[in-house]
Amino acid sequence: MPQTPQEVLKLIQEQEIKIIDLKFIDTPGIWQHCSFYQDQIDESSFVEGVAFDGSSIRGWKAINESDMAMVPDPKTAWIDPFMKEKTLSMICSIKEPRTGEWYNRDPRTIAQKAVDYLISTGLGDVAFIGPEAEFFIFDDVRFDQTENKGYYFLDSVEGRWNSGKEEGPNLAYKPRYKEAYFPVPPTDTQQDIRTEMLLTMAECGVPIEKHHHEVATGGQNELGIKFATLVDAADYLMTYKYVIKNVAKKYGKTVTFMPKPLFQDNGSGMHTHQSIWKDGQPLFAGDKYAGLSQMALHYIGGLLKHAPALLALTNPTTNSYKRLVPGFEAPVNLAYSQGNRSASIRIPLSGSNPKAKRLEFRCPDATCNPYLAFAAMLCAGIDGIKNQIDPGEPLDVDIYELSPEELAKVPSTPGSLEGALEALEKDHAFLTETGVFTEDFIQTWISYKLDKEVNPMRLRPHPYEFALYYDC
């Protein structure tokens, strides 16, 4: 893969690439793009950027201050495998063209500021992030909401609900509810599509590891990618989502990263592995609990203290809180443990290798904007280190065997997006005092989520309400 502007321009010339596709992320976390003829990209594009109108991007500029510039990162260049005409893709950060300053609402810029902040503290020089994003592959998805109706319909050839359907013929082998982890074909019908997804990601520069079926029936899956530095990890996750959705489309299928599309089966999370290094050495390995260092425990303390506010960025949809429900499989307990998967922070086994020592924050899901989520988690962890926040005792007991009195002592995650946004409103100094997030961005995020998601959901009757209340 190219590393410099000169190498990118040489690749364009040698491979006679005519179309350059520049991608950037909007505030909620969806890629946007614009394609340029090759003569529109030169060395200055990698410094000054390429102009565009930012007034229609969600959460960005007003129409009277709409001029923005996309600045491509040459290290993110790859040939798009889904385009008929050979197309070079690059991921961009956003600049204010009049001032030359990086745009303070650009999520990728915020992520880089988080890394810069880590370095400025002297605590470390690299933050490694390893996201594990789960998703569903469906065969048919329909939904609608009007004044007099509202519904959704999902279907999958793997769905256990189709075990009695006349499929001409029905070949059975439908994974059972909550029992679809690691079955072999023919029960696992999605081996080939996952393999193509994984190998296509590798072609796009994503460091790959593995793939497998996940716990839920109806086509829940996960592809494993290697950990990377914070900004690279967010770039890779966006490429991951892009590739998976487009490979699925080739097969006549559709993908969603919604945390809870199915009722009464497992939701999709994004367990996020984290560690800090300095001068090439891992800093989270030590002689404390589960082989952690004191720094790692303080990092955990920061995550736990700020978790209610963090979830407004790591679990930023109303659907996120259909997954994060106490008493089910979700990691809602704000505690840490080396083996308890109901705890929000788990310490994975790493053997005797200090470089593998890390912690895993299990709350996030892949509806998040990864640049914002990773930056916020790092800021919370650094706050824990700087202020030596004690994470308390680990939760190494079976949460389901605790008495109500014991369980009441374990704090839990917010029960709704509104609750997480309220927590963020009260607790965001750890984000803004660092200079990573601005007060303007935090208030814009809260207002956007309330106005565009929380309040519109309040206005709409839910189908199940008719079952509960129609005859009252």
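Leaving out residues up to four places away in sequence, Asn 333 touches Ser 342, Ala 343, Ser 344, Leu 395, Ile 399, Leu 407, Val 410 and Pro 411, where contact means heavy atoms within 4.5 Å. The structure is a predicted model, in which local features need pLDDT of at least 70 and side-chain atom pairs count only at pLDDT 80 or more, while totals for chains, interfaces and linings use all residues. Residues are numbered from 1 along each chain as its sequence is written, and side-chain values use heavy atoms, with hydrogens and water left out. Asn 333 is placed in strand E16 (residues 333–337); helices (H or I, at least four residues) and strands (E, at least two) are DSSP runs, numbered from the N terminus. With a relative accessibility of 8%, Asn 333 counts as buried, a term that stands for under 20% relative accessible area, as against exposed for over 50% and partly exposed for values in between (1.4 Å probe, protein chains only).

When neighbours within four places in sequence are set aside, Phe 374 is in contact with Ile 129, Pro 131, Leu 230, Ala 233, Ala 234, Leu 237, Met 270 and Thr 272.

On the surface, a nonpolar patch is formed by Val 141, Phe 143, Tyr 152 and Phe 263, which together have about 520 Å² of accessible area. Patches are made of residues with over 30% relative accessible area and no salt bridge, like charges being joined within 9 Å and nonpolar side chains (Val, Leu, Ile, Met, Phe, Trp, Tyr) within 5 Å; accessible areas come from the Shrake-Rupley method with a 1.4 Å probe, and for residues only the protein chains shown count as cover. Phe 263 lies in the loop between strand E13 (254–256) and strand E14 (270–278), and it counts as exposed because its relative accessibility is 67%.

Strand E8 (residues 140–145) pairs with strand E9 (residues 150–155) in the antiparallel sense over 6 bridges, pairing being assigned if DSSP finds at least two bridges between two strands. The two strands, E8 and E9, form a hairpin with 4 residues between them, and Arg 142 has Phe 153 in E9 as its bridge partner. The side chain of Arg 142 also meets that of Asp 140 in a salt bridge (3.4 Å, N to O), defined as a side-chain nitrogen of Lys or Arg within 4 Å of a carboxyl oxygen of Asp or Glu. Arg 142 is partly exposed at 40% relative accessibility, and Asp 140 is partly exposed at 30%.

In the whole structure, 22 salt bridges are found. One of them joins Lys 174 and Glu 167, with the closest N and O atoms 3.0 Å apart; Lys 174 is buried, with a relative accessible area of 6%, whereas Glu 167 counts as partly exposed at 28% relative accessibility. Asp 73, Lys 75, Arg 108 and Asp 235 are linked in a network of salt bridges.
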